[in-house]
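Okay, thanks for making time, everyone.

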Amino acid sequence: MNANFKLALDHVLKSEGGFVHHKLDPGGMTNLGCTKAVWEEYVGHPVSEADMRALTPELVSPLYKRKYWDKVAGDDLPSGLDYAVFDAAINSGPGRAAKWL
């Protein structure tokens, strides 16, 4: 069993950065790579800008694990490939990432 989730998530969070809300970004309000829509779906209720700004790695980690890492069976993939497929799942969806794999 591969135990690279934390390392892969650290890389994702580093590349995604912090809070952004740019009018030309189709993802809209985003923090730590998590869009407002994805966070609202995960928590099951609408969230404010303050809620989005308050996201921490500890808060988003379970979302990334369940919604992306587990969906692409990251624990079953070789090191390096696990991160690439995980990152692709975040940016393009788990189904598309799995097809690319």
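So, surface to begin with: the accessible surface of this protein comes to about 6000 Å², and 57% of that belongs to carbon and sulfur atoms. Those areas are Shrake-Rupley values with a 1.4 Å probe, and for residues only the protein chains shown count as cover.

Before I go on, the ground rules. This is a predicted model, so local features need pLDDT of at least 70 and side-chain atom pairs count only at pLDDT 80 or more, while totals for chains, interfaces and linings use all residues. Residues are numbered from 1 along each chain as its sequence is written, and side-chain values use heavy atoms, with hydrogens and water left out.

Now the overall fold. We've got 6 helices and 2 strands, and if you read along the sequence the pattern is α-β-β-α-α-α-α-α. The radius of gyration is 13 Å, close to the 13 Å that the globule rule gives for 101 residues, so the protein is as compact as a globular protein of that length. Radius of gyration here is over C-alpha atoms, and the rule is 2.2 Å times the number of residues to the power 0.38. Helices, by the way, are DSSP runs of H or I with at least four residues, strands are runs of E with at least two, and both are numbered from the N terminus.

Along the principal axes, the C-alpha atoms fill a box of roughly 40 × 25 × 25 Å. Of the 101 residues, 37% count as buried; that's under 20% relative accessible area, with exposed being over 50% and partly exposed in between, using a 1.4 Å probe and protein chains only.

What about contacts? Among those between residues at least 6 apart in sequence, 47% join residues at least 24 apart. Contact means heavy atoms within 4.5 Å.

Charges, quickly. There are 11 positive and 13 negative ones, and their mean positions sit 4 Å apart. Lys and Arg are the positives, Asp and Glu the negatives, and His and the chain ends are not counted. Each charge is placed at NZ of Lys, CZ of Arg, CG of Asp or CD of Glu.

Okay, the aromatics. The structure holds 6 aromatic pairs. The rings of F5 and W69 have centres 5.6 Å apart and planes at 65°, so that pair is edge-to-face. For the cut-offs: rings of Phe, Tyr and Trp (the six-membered ring for Trp) pair if their centres lie within 6.5 Å, and planes under 30 degrees apart are stacked, over 60 edge-to-face, the rest tilted.

Where do these two sit in the chain? F5 is in helix 1, residues 5-16, and W69 is in helix 4, residues 57-69, so to speak a link between distant parts, 64 residues apart. Both F5 and W69 are buried.

W69 also pairs with F86: centres 5.2 Å apart, planes at 85°, so that one is edge-to-face as well. F86 is in helix 5, residues 81-92, 17 residues from W69, and F86 is buried too.

Next, the loops. Between strand 1 (30-31) and strand 2 (34-35) you'll find L32, which has a positive phi of about 55° although it is not a glycine. L32 is buried, at 11% relative accessible area.

G33 is in that loop between strand 1 and strand 2, and it counts as buried at 15% relative accessibility. G33 and G18 are 15 residues apart in sequence and 7.5 Å apart in space, C-alpha to C-alpha.

What does L55 touch, not counting residues up to four places away? The list is N31, L32, C34, W39 and V60. L55 is found in the loop between helix 3 (49-53) and helix 4, and is buried at 8% relative accessibility.

Last stop, the loop between helix 4 and helix 5. A73 is there, with a positive phi of about 55° despite not being a glycine, and it's partly exposed at 31%. G80 lies in that loop between helix 4 and helix 5 as well, partly exposed at 45% relative accessibility.

That's my tour; over to you.
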